[in-house]
Amino acid sequence: MASYDLRGLRVYRSYLTELGGFALGKSYRMGRELLQDLEAGLCCDILLMDEKLADMHAFEFLRRLHQCRLPRLPQVVMLSGWESSRARPFSLAADPLHPAGNYCIMDSYSLSDMAQSLSVLYDLDLEQLTRRCRSLCEEWAGQFSETDCAYLVESVQIAFQCRRKMAIRKEILLPVSKRHKVTISAVDSGIRRLIEASEKEGRPSWQAFKQSFRFKTQRPSTGELIYSVKALLQNNTPSLEEGALRRDEQTEHTF
Amino acid sequence: MSKPNTPSKDMTWENFPRDRFAEECFRALSSIKLNCEYLRHLPESGRDQAQNAEALEDIAVSSARLERSLREMMAMLACLQGDFSPAWEQVELCGLLRSLCAGQAQILEGLGVRLELDCGGVEDFYVQADRECLLQICLHLLSNALRACAQGGHVSISLSVTPEESCTLCFADDGCGIQQSPDNYSRFLGGSGAGLTLCREYCRLMGWQLELDSPSSGGTRASVQILSQAELRRNNPEVALCEPDSPWERMRQESQLRYRLALELHCIPGLETVEFK
């Protein structure tokens, strides 16, 4: 938890402690200290945050959080106050504060609603990701299999959980295949079907996506699609790392 | 001297700190509401009595913040609406300053800041003032000085009287200064930000001068030049003094001062729960 006014956080802490089901960490006044501890390895699922910290605004904290090299970004929950209730509109395309939805604003109307919202938040990641990936599949491929879309969604979710580039088959496709009780090749084929359907449709949105990630006329591979969708949802610009991925993937396939 | 009912250029509707007022009020209300919910909804069995006491304490602290914000907001609105005029009376300034400093020991314990008063050897000194305005000015300047100081800091209140019987009231601290800085930002979180604007307006209404500066040695110095009675009558011949205080009224005023001082000091982080006697 973080706020310039630790006293104000006390009631949330007391309530969640007595309710049970939540493991509460330290409360921070300074955003700088919290960022240092996160970079040093502090693990948490959720950061419950006031709009104001003692040394910076919560939006400034979010900017700096995204500049940190963290294996996994915690979900930031900003307790709403006067400012955030009239929050500036965010443009998903333009605003670097809005990656794949790892922050949200929560109204502080009641403790019971807050506790319930936090519980739901653990499952909300997947729902948002599903919605966004599905929307991309609709834009690109038109018609597609729900199962193939689910393979892509879950693969992208796994990719989000780790900052480093993961081994596509062993670390991403394998867990998905186990979940669906199919082979790795089945998952791979499902994602390739999405790619082929998008190629066949040849829609401008698909072409633009390929161009922005430098695929040009080539169709992306499974791994390339997973990481490009991840980057798109994070609103990052493509980099030379995408080329490196291709070399890694070739090695993986060879294996 | 400008007309009493014409606000100064700092006191304008455009400068009205609506967002900060709203934030202060809603923050305090939210804390009160949530602490009440906490006390009401979870079963008491097994709960540590200390946690109940904490919740009640937080309600009290938030109530104080809310009251302070509302008082400041009403004061600003009265000035903006132009229907506020000073109610002149004789105020014994040294006694008022001694009352302000009555919580020196608690302030030292709570904040680690030393508060000192120097009336220049004068036992009592009367000024013509609106008592409420004078009190607000003193409370704001004292509060700002205490907030600016770190542990081990020093605040001094001094009064120097001229032979012509005007005087200068000074609040000096060795804190973070008035320039915008990270230290300054973190020390002045919370509050409506209306304090200095109100101080300036009250000074203007009474024909006084308020100056703020940061000496090269650091800290801040706030000086209020108070008119002598002769100067006041010269500048403002229509000033009519209120009726002299009755003993009852004097007791009431002392009680009000103690309450308002506690209210102001309880809004300073570190002094929220200190009992000022």
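Which side chain of chain B meets Arg10(A) in a salt bridge with N to O at 3.7 Å? In this predicted model, the partner is Glu54(B).

Side chains of opposite charge can pair when their charged atoms come close.

Through shared partners, salt bridges connect Arg7(A), Arg10(A), Glu54(B), Glu57(B) and Asp58(B) in one network.

## The interface

The contact involves 25 residues from chain A and 27 residues from chain B. About 2300 Å² is buried between the two chains, with carbon and sulfur atoms giving 47% of this area. Twelve residue pairs are in polar contact across the interface. On the side of chain B that touches chain A, H1(B) gives the most, with 13 residues. By class, this side has 13 charged, eight nonpolar and six polar residues.

## Salt bridges within a chain

The whole structure has 29 salt bridges over all chains, and eight of them cross the interface of chain B and chain A. One within chain A pairs Arg179(A) with Glu154(A) at 3.5 Å, N to O. These residues are 25 apart, in helices H7 and H6 of chain A. Arg179(A) is exposed, at 54%, whereas Glu154(A) is buried, at 10%.

In chain B, Glu67(B) and Arg71(B) form a salt bridge at 3.1 Å, N to O. They are four residues apart in helix H2 of chain B, so about one helical turn separates them.

Conventions
Residues are numbered from 1 along each chain as its sequence is written. Chains are lettered from A and ligands numbered from 1 in the order in which they are written. This is a predicted model: local features need pLDDT of at least 70, side-chain atom pairs count only at pLDDT 80 or more; totals for chains, interfaces and linings use all residues. Side-chain values use heavy atoms; hydrogens and water are left out. Contact means heavy atoms within 4.5 Å. Buried area is the accessible area (1.4 Å probe) that two parts lose on being put together, summed over both. A salt bridge is a side-chain nitrogen of Lys or Arg within 4 Å of a carboxyl oxygen of Asp or Glu. A polar contact is a pair of N or O atoms within 3.5 Å; within protein, one must be able to donate a hydrogen and the other to accept it, and residues adjacent in sequence count only if both atoms are side-chain atoms. Helices (H or I, at least four residues) and strands (E, at least two) are DSSP runs, numbered from the N terminus. Ala, Val, Leu, Ile, Met, Phe, Trp, Tyr, Cys and Pro count as nonpolar, Asp, Glu, Lys and Arg as charged, and the others, Gly among them, as polar. Buried means under 20% relative accessible area, exposed over 50%, partly exposed in between (1.4 Å probe, protein chains only).
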